[in-house]
Structures are given as C-alpha cells and as structure tokens.
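Colleague: Please take a close look at one part of this model for me. I would like to follow the nonpolar core and what surrounds it.

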Amino acid sequence: MGARKREMAERQKEIRKQTAYAKLNDVPTSPRKMRLVADLVRGVEVNRALDILKYTKKESSIRLEKLLKSAIANWEAKNEADRKELENGNVHVKTIMVGEGVQLKRIRTAPQGRAARIRKRSHHVTIVLDKKPQTQKSEE
C-alpha cells in the first residue's frame, strides 16, 4: 500500500513540474468580487484574456492581470521549446479557481447598545495554463 502511494505522489510531482500555474494568496477583497472577473477569462486564450482584463473596470482585474502575466512567464520557463505556441494563440487558461481565505472579524456598534459583526473577507486565486488540444482529423 505504501509503495502505491509513493508511486502516485511521484506521478503528481511530474505532472506539477509540467503544468504552468500561478497562485495569489490572501487578497483582501471578497471572493465573490474576484469570481465575477475570473469567469470572464476562464477557458480563453491568454492574449485575449490579457486584453479582457486590461479593459475591465473592476479592481480585481488589475490583480488578476498581474497573476496571469506571472503564469505566462512560468509557462514560458517550463516550455522553452514551445514558445511559438504562445504567439500562435494555442495557450489558454485551463482552470482558474477562487477559494476563500481567512476572515478578519471586527465589531461595529449597533443601535440600543448592541454590537454587529463585520467580516472582512479574503481569497486565494490559482491559474493553470495549458496548450489547446490538437484536433485530429479522422482518416477516411
């Protein structure tokens, strides 16, 4: 049983070495606001995604654009032989995940001597880039 787990762990390490990703932790805005922007670029080719983020008026788009540029640099470092794929538009945003981070809990005064809770939310974002799968034509 232990050998099988080690084998799976080694396989996961090899997969992680080949995939290009970037991570942004503890962003001090709510995850819902970032998901609105992340949904715009999910599955989109990277050059088009950069254009979308550049002209989106949300504050989250600035942080996401910087993160996408980091993921592109990681992809270039891991795929030096395939640099033309990036220029040809064959690299796309495979997955983009927005998860909840820690919540800072603060207190605001409320009427009649009560206290109201304020939740200052944060989130984590992960972007994974990949080449578009080649469409194979069936031989007739």
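Modeller: The largest nonpolar core has 25 residues. A nonpolar core is a set of buried Ala, Val, Leu, Ile, Met, Phe, Trp, Tyr and Cys residues joined through side-chain atoms within 4.5 Å. Buried means under 20% relative accessible area (1.4 Å probe, protein chains only). Val-46, Leu-64, Leu-68, Val-93, Ile-96, Ile-127 and Leu-129 have the most contacts inside this core. E1, helix H2 (31-41), helix H3 (46-54), H4, E2 and E5 each supply at least two of its residues. H4 gives the largest share, 6 residues. Helices (H or I, at least four residues) and strands (E, at least two) are DSSP runs, numbered from the N terminus.

This is a predicted model: local features need pLDDT of at least 70, side-chain atom pairs count only at pLDDT 80 or more, and totals for chains, interfaces and linings use all residues. Residues are numbered from 1 along each chain as its sequence is written, and side-chain values use heavy atoms, with hydrogens and water left out.

Now the sheet. Its 3 strands form an open sheet in the order E1-E5-E2, with antiparallel pairing. Strands E1 (20-27) and E2 (91-100) are the edges, each pairing on one side only. Two strands pair if DSSP finds at least two bridges between them. E1 and E5 (residues 123-131) are joined by 6 bridges. One of the bridge partners is His-123 in E5, facing Val-27.

Helix H4 (residues 60-78) lies across E1, E2 and E5. Ile-127 is in contact (heavy atoms within 4.5 Å) with residues including Leu-64, Leu-68, Val-93 and Ile-96, leaving aside neighbours within four places in sequence.

How values were computed:
Axes fitted to C-alpha atoms, helices over the stretch in contact; angles between N-to-C directions. Buried < 20%, exposed > 50% of the residue type's maximum accessible area, 1.4 Å probe, protein only.
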